[in-house]
Amino acid sequence: GLRASLVKTEFSSQMDFLIRLGILDEMEALAHSGTAASIEQLQGMKKLILPGNMGERFKVLVQRKS
């Protein structure tokens, strides 16, 4: 990033990043749907944000041109 003149805008856990983007609202809508496909999607989304899974292990780095 430094060689490309990028500066850090944000560095956070994947969980925090996705929650700020509204993943919980999407999960709530899927939970109310009740279809088999929506339940499968919901399970996948939970893996993205749960602290013991990808939610804390993966990080998000957002950079911008300075």
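Buried residues make up 23% of the 66 residues in the protein chain; buried means under 20% relative accessible area, exposed means over 50%, and partly exposed lies in between, with a 1.4 Å probe and protein chains only. This is a predicted model, in which local features need pLDDT of at least 70, side-chain atom pairs count only at pLDDT 80 or more, and totals for chains, interfaces and linings use all residues. Residues are numbered from 1 along each chain as its sequence is written, and side-chain values use heavy atoms, leaving out hydrogens and water.

I will start with the overall layout. The protein chain has 4 helices and 2 strands. Helices (H or I, at least four residues) and strands (E, at least two) are DSSP runs, numbered from the N terminus. Along the sequence the pattern reads β-α-α-α-α-β. The radius of gyration is 15 Å, well over the 11 Å that the globule rule gives for 66 residues, so the protein chain is more spread out than a compact globule. That radius is taken over C-alpha atoms, and the globule rule is 2.2 Å times the number of residues to the power 0.38. The C-alpha trace spans about 50 × 20 × 15 Å along its principal axes. Of the contacts between residues at least 6 apart in sequence, 70% join residues at least 24 apart, where contact means heavy atoms within 4.5 Å.

Now helix α1. Which residues of α1 are buried? They are Gln14, Met15 and Leu18. Seen down the axis of α1, these buried residues fall within an arc of 95°, so they line one face of the helix. The arc is that of the directions from the helix axis to the C-beta atoms. As background, an α-helix has 3.6 residues a turn, so residues three or four places apart point the same way. The buried residues of α1 pack against β1, α2 (23–33), α3 (36–49), α4 (54–57) and β2 (59–65).

Take glutamine 14 as an example. Glutamine 14 sits in α1, which covers residues 14–21, and counts as buried because its relative accessible area is 13%. Its side chain reaches the backbone oxygen of leucine 48 at 2.8 Å. That is a polar contact: a pair of N or O atoms within 3.5 Å, where within protein one must be able to donate a hydrogen and the other to accept it, and residues adjacent in sequence count only if both atoms are side-chain atoms. Not counting residues up to four places away in sequence, glutamine 14 touches Leu48, Met54, Gly55, Phe58, Lys59 and Val60. Just after α1 comes glycine 22, with a positive phi of about 100°.

Next, the charged pair. How many salt bridges does the structure hold? There is 1, a salt bridge being a side-chain nitrogen of Lys or Arg within 4 Å of a carboxyl oxygen of Asp or Glu. Glutamate 10 pairs with arginine 20, and their closest N and O atoms are 1.8 Å apart. Glutamate 10 lies in strand β1 (residues 6–13) and arginine 20 in helix α1, 10 residues apart. Is arginine 20 buried or exposed? Arginine 20 is exposed, because its relative accessibility is 52%.

Serine 12 is also in strand β1. Serine 12 is buried, at 12% relative accessible area, and its side chain makes a polar contact of 3.0 Å with that of glutamate 10. Leaving aside neighbours within four places in sequence, serine 12 is in contact with Phe17, Arg20, Lys59 and Val60.

On to helix α2. Its buried residues are Ile23, Met27 and Leu30. They cover an arc of only 60° around the axis, which puts them on the same side of α2. The face turned away from that buried side carries the exposed residues Asp25 and His32. What covers the buried residues of α2 includes α1 and α3. Glycine 34 follows α2, and its phi is positive, near 80°.

Last, the core. The largest nonpolar core has 8 residues: Met15, Leu18, Ile23, Met27, Leu30, Leu42, Met45 and Ile49. The elements giving two or more residues to this core are α1, α2 and α3. By definition, such a core is a set of buried Ala, Val, Leu, Ile, Met, Phe, Trp, Tyr and Cys residues joined through side-chain atoms within 4.5 Å. Leucine 42, in helix α3, is buried at 16% relative accessible area. Not counting residues up to four places away in sequence, leucine 42 touches Met27, Leu30 and Ala31.
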